Amino acid sequence: MITEKYIGKQKTLDKIDQNILNILQKDGRVSNVKLAQIINLSPTPCLERVKRLEKEGYIKGYVALLDAELLGSALVSFIEVSLERTTTEALDTFRREIAKMEEIQECHMVAGGFDYLIKVRTRDMAHYRKFLGEKLSSLTSISSTHTYVVMEEVKATSAIPIPQH
């Protein structure tokens with residue numbers, strides 16, 4: 001039974017939906033037949049639930065998780081970025097320019113002592129210096145940056161906790 005009760009903008013998910021989302025986060029390539037077996041449903045209602053979860057936006061897409069080291073992007077750095085101005089135009093320009101830079105894996109506007117936190121993946125320190133000097137520094141709206149180079153990745157996941165109601 002799926003309830004239509006909303007928590008904020010989010011519908012309450014039943015246990016089956018929660019299980020489907022948890023399983024797909026671990027293995028997005030699981031076949032519908034296998035998924036149906038795991039959650040004790042027949043394949044047709046299982047597929048209908050997955051399609052509904054996709055349609056409702058709970059499932060945004062499916063991706064392959066790649067090995068950054070094998071692909072030459074092993075060095076991870078986080079960069080605090082402060083802008084000279086935070087006008088709507090300056091923020092829009094910054095976002096457009098950042099979106100073009102392939103080394104940037106994530107960019108988040110934050111509240112606090114700086115404006116953005118950026119996650120960058122590069123081959124090595126030389127590649128990072130080139131990225132910082134030629135790409136990021138070319139943005140005239142930036143007043144300062146502060147970099148933190150990752151020495152050890154303790155935990156990295158793309159999984160989102162599924163609320164249990």
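**Helices, a pocket and selected residues in a predicted model**

The face of helix H4 that is turned away from its buried side carries the exposed residues Thr88, Glu89, Arg96 and Ala99. The buried residues of this helix are Ala90, Leu91, Phe94 and Ile98, and, seen down the axis of H4, these buried residues fall within an arc of 95°, so they line one face of the helix. Such an arrangement can be read against the geometry of helices in general. An α-helix has 3.6 residues a turn, so residues three or four places apart point the same way. The cover over the buried residues of H4 includes strands E3, E4, E5 and E6. The length of H4, which runs over residues 88-99, also fits expectation, because its twelve residues at 1.5 Å a residue should span 16 Å and its end C-alpha atoms are 17 Å apart, which agrees.

The structure described here is a predicted model, and its confidence values therefore come before further detail. The mean pLDDT of the protein chain is 92, with 94% of its residues reaching 70 or more. Over residues 1-8, by contrast, pLDDT stays under 50, and for this stretch the model has 14 contacts beyond four places in sequence.

Just after H3, Gly57 takes a positive phi of about 90°.

In H1, the residues Asp17, Gln18, Ile20, Leu21, Ile23 and Leu24 are buried, and what covers the buried residues of H1 includes both H2 and H3. The twelve residues of H1 should span 16 Å at 1.5 Å a residue, while its end C-alpha atoms are 17 Å apart, which agrees.

A positive phi is also found at Asn40, where the angle is near 60° in a residue other than glycine. Most residues other than glycine have a negative phi, and most peptide bonds are trans. Asn40 has its place in the loop between H2 and H3, and it is counted as exposed because its relative accessible area is 70%, where exposed means over 50%.

The largest pocket holds about 960 Å³ of space. It is lined by 25 residues, of which Leu66, Ala68, Gln105, Lys119 and Arg121 are the closest to its centre. The elements that give two or more residues to this lining are strand E3 (75-83), strand E4 (104-109) and strand E5 (116-122).

Within strand E3 lies Val76, which is buried because its relative accessible area is 7%, the limit for a buried residue being under 20%. Leaving aside residues up to four places away in sequence, Val76 touches Lys119, Val120, Arg121, Tyr148, Val149 and Val150. The C-alpha atoms of Val76 and Met151 are separated by 8.3 Å, although these residues are 75 residues apart along the chain.

His127 is found in helix H5, residues 125-135, and its relative accessibility of 14% is why it counts as buried. When residues up to four places away in sequence are not counted, His127 touches Glu103 and Thr122. Pro161, which is found in the segment after strand E6 (142-149), has a relative accessibility of 71% and therefore counts as exposed. From C-alpha to C-alpha, Pro161 and Ala36 are 21 Å apart in space, and they are 125 residues apart in sequence.

Technical notes: Residues are numbered from 1 along each chain as its sequence is written. This is a predicted model: local features need pLDDT of at least 70, side-chain atom pairs count only at pLDDT 80 or more; totals for chains, interfaces and linings use all residues. Side-chain values use heavy atoms; hydrogens and water are left out. Helices (H or I, at least four residues) and strands (E, at least two) are DSSP runs, numbered from the N terminus. pLDDT is the predictor's confidence in each residue, from 0 to 100. Contact means heavy atoms within 4.5 Å. On a 1 Å grid over the protein atoms alone, a cavity is a set of points where a 1.4 Å probe fits but cannot get out, and a pocket is an open set with protein on both sides within 12 Å along at least five of seven lines; lining residues have an atom within 4 Å of a point. Grid points are joined across faces, edges and corners, and a volume is the space filled by probe spheres set on the points. Buried means under 20% relative accessible area, exposed over 50%, partly exposed in between (1.4 Å probe, protein chains only). The expected span of a helix is 1.5 Å times one less than its number of residues. The arc is that of the directions from the helix axis to the C-beta atoms.
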